[in-house]
Amino acid sequence: MALRRGCNHTRPMDTDARELMTELREDHRNMATVLDLMDRIVVQMEAGKDPDFELFDEMMRYMTVYPDAVHHPKEDIVYGQLRSRRADLAEDLDHVPDDHNDIAHLGSLLRDEIEAINAGAAVRREKMIEDTSAYILRLRNHMRWEEEDLFKRIDKMLDDEPHAVDIEDLGHIKDPVFELEIEAGFRRLLASLRSTS
Ligand SMILES: [Fe+2]
Ligand SMILES: [Fe+2]
């Protein structure tokens, strides 16, 4: 699978918010790629093998510095605009910020467990398998729901009113792995992504 987004990706100043939706969908593809790698870690742990915990740590660090810190807050702003501008399209959205908080919470617990293992502590294998599987499932279900339901509502709002969301207010923070490829911080993750491309 290919690394997505070039390093020189920049957003033109005059573009409308549909570009933002393209970015959010691209983020999902990138997150799905990392979750696919995480599946392999679960398979290894289930087989009684020790996975590469440094790689696992980089995956969870990525999840906390980009999806949790950039992707979800961006979505929260867009969903807020949908609620305030198009109440007719915004039914049943009250749980979304909780979903994002829950995913961030599950992710930080998992990251703490991995860091503890890397620091020499013993964490039960069954608990790691359970927590990792729960995290993967939760995030996949959340992304699927957004793509099948929520993003379509946003598309509808933006088709009717392309500048409903002021994307200049959101700024653009680059993805540290898929855009910037910061070798020092994510060396193992990048190597794993390249080996599967
Ligand atoms: Fe989300
Ligand atoms: Fe999302």
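Student: Hi! Which residues are the protein donors of the iron ion (ligand 1)?

Tutor: Hi! This is a predicted model, and in it the donors are E75 (OE), H100 (NE2), H142 (NE2) and E146 (OE). They lie 2.0 to 2.1 Å from the iron ion (ligand 1).

Student: What spacing do those donors follow along the chain?

Tutor: The pattern for the iron ion (ligand 1) reads E-x24-H-x41-H-x3-E.

Student: Okay, and why is the arrangement of the four donor atoms irregular?

Tutor: Look at the angles: the four donor atoms around the iron ion (ligand 1) subtend 88 to 177°.

Student: Are E75 and H142 buried or exposed?

Tutor: E75 is buried, at 0% relative accessibility. H142 is buried too, at 3%.

Student: What about H72, where is that found?

Tutor: H72 belongs to helix α3 (residues 67-85). H72 is buried, with a relative accessible area of 3%. Setting aside neighbours within four places in sequence, H72 is in contact with M31, P67, H100, I103, L139 and H142.

Student: New topic! How many salt bridges does the structure hold?

Tutor: There are 20. Side chains of opposite charge can pair when their charged atoms come close.

Student: Which residues does R86 pair with?

Tutor: R86 meets D88 at 2.8 Å, N to O. R86 also forms a salt bridge with D160, where the closest N and O atoms are 2.9 Å apart. R86 lies in the loop between α3 and α4 (96-118) and D160 in helix α5, so that pair ties together parts that are 74 residues apart in sequence. R86, D88, K156 and D160 are linked in a network of salt bridges.

Student: And is R86 buried or exposed?

Tutor: R86 is buried at 17% relative accessibility, because the cut-off for buried is under 20%. D88, by contrast, is exposed at 51%, while D160 is partly exposed at 44%.

Student: Last one: how far apart are the end C-alpha atoms of helix α1?

Tutor: They are 42 Å apart, which agrees with the 42 Å that its 29 residues (18-46) should span. Just after α1, G48 takes a positive phi of about 85°.

Conventions: Residues are numbered from 1 along each chain as its sequence is written. Chains are lettered from A and ligands numbered from 1 in the order in which they are written. This is a predicted model: local features need pLDDT of at least 70, side-chain atom pairs count only at pLDDT 80 or more; totals for chains, interfaces and linings use all residues. Side-chain values use heavy atoms; hydrogens and water are left out. Helices (H or I, at least four residues) and strands (E, at least two) are DSSP runs, numbered from the N terminus. Buried means under 20% relative accessible area, exposed over 50%, partly exposed in between (1.4 Å probe, protein chains only). Contact means heavy atoms within 4.5 Å. The expected span of a helix is 1.5 Å times one less than its number of residues. Donors are N, O and S atoms within 2.8 Å of the metal (3.2 Å for Na, K and Ca); water is not among the atoms, so sites may look incomplete. Four donors count as tetrahedral if all angles lie between 85 and 135 degrees; four count as square planar and six as octahedral if opposite donors are over 155 degrees apart and all others between 65 and 115; anything else is irregular. A salt bridge is a side-chain nitrogen of Lys or Arg within 4 Å of a carboxyl oxygen of Asp or Glu.
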